[in-house]
Amino acid sequence: DHAQKTTTEKPSMKRSGYILILIILHVCIAPSQNFYAQGVASLKVHDTTAAITAFQNSIQNGRERAQANYYLAAIAYNRGKMDEAATYVEASLQANDEDAKAQQLFGDILIAKGDVEGSLRYYRRAAKLAPNDADVSAKLGAALVRADSADAAIVHLTRAKIAMPKNASVLGVLGDAYAKIGVKALAVQNYKDAIALSPRNISLHMKLARLYLENRQYNDAMKVFDTVEKIDSTYGKAHLEEGRLYFRAKLYQRAIEPLRKYLRLNPKSVEADSLYVRALFNAGRYSQAAKSASASLKHDSTSAELW
């Protein structure tokens, strides 16, 4: 009877041991996994405060460190806290340096901090880990343009363009790359294609106008400037840029009107004042130049150019 009792009790004790192990696993492991899941769920409903707390708890419990730190870095990046974002993404890469998204995010952070050369290291690593990721190719290409490596940029940007033919940003940066190496026809075409997709993007219009002026296509440039004014007549920078470009091209008569419009919006601009007076003078409108210079000197008597 004792032997029988003993044999019947052992399985019960064994089951109790398994139950105890399951309880331990539930207490020690499940919460950290739940924290991570809670963080992801919170992001889906745009509750970043709850997401931050959940991801921090997940990290504290030693679970999903790479991904939790990545999400914390992304949140900090979106909030403009670049130093904090860099700290989190470094921790993410320490846990898993094979994550292309984290490598790319570090590149984005460094670009935002003005470190173009530093960003290239991480974008190149991301491109190596995810060679078919068009977004990575686009960002690497854009960084290469800024680093004056336009030839290399074109390779990556062309790859991105094939994958994302309707992406105005990619087309615009590809236009920048071609402009840098002097292939103006392809630069113009890419700017036009980008504008077709994003017709109210003033920056793209201004780049196209600049190329037209460099090519001495003055009528085409004027049409672009007219389009910009229709998009936003109060966009003073467009007027100033138009005036600058015409002045540099020695088209002084054409420079006068956009500079006048800019001064109407920004009457205290010393640069525009000086360009306006010089454009009047160089266009042979001496009395207007003298009158304008005299009026400007009342506001700024220290301007050597106006004197």
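Modeller: Of the 307 residues of the chain, 41% count as buried, where buried means under 20% relative accessible area with a 1.4 Å probe and protein chains only. This is a predicted model, in which local features need pLDDT of at least 70 and side-chain atom pairs count only at pLDDT 80 or more, while totals for chains, interfaces and linings use all residues. Residues are numbered from 1 along each chain as its sequence is written, and side-chain values use heavy atoms, with hydrogens and water left out.

The chain has 17 helices and zero strands, these being DSSP runs numbered from the N terminus, with helices (H or I) of at least four residues and strands (E) of at least two. Two packed helices are described by the angle between their axes and the distance between the axes. For helix α8 (residues 134–146) and helix α10 (residues 168–180), the angle is about 35° and the axes are 10 Å apart; the axes are lines fitted to C-alpha atoms over the stretch in contact, and angles run from 0 to 180 degrees between N-to-C directions. On the α8 side, the contact (heavy atoms within 4.5 Å) is made by Ala-138, Ala-142 and Val-145, which meet Val-170, Val-173, Asp-176, Ala-177 and Lys-180 of α10. These residues divide into six nonpolar, no polar and two charged, with Ala, Val, Leu, Ile, Met, Phe, Trp, Tyr, Cys and Pro counted as nonpolar, Asp, Glu, Lys and Arg as charged, and the others, Gly among them, as polar.

Across the chain, residues 24 or more positions apart account for 42% of the contacts with a separation of 6 or more.

How values were computed: Buried means under 20% relative accessible area, exposed over 50%, partly exposed in between (1.4 Å probe, protein chains only).
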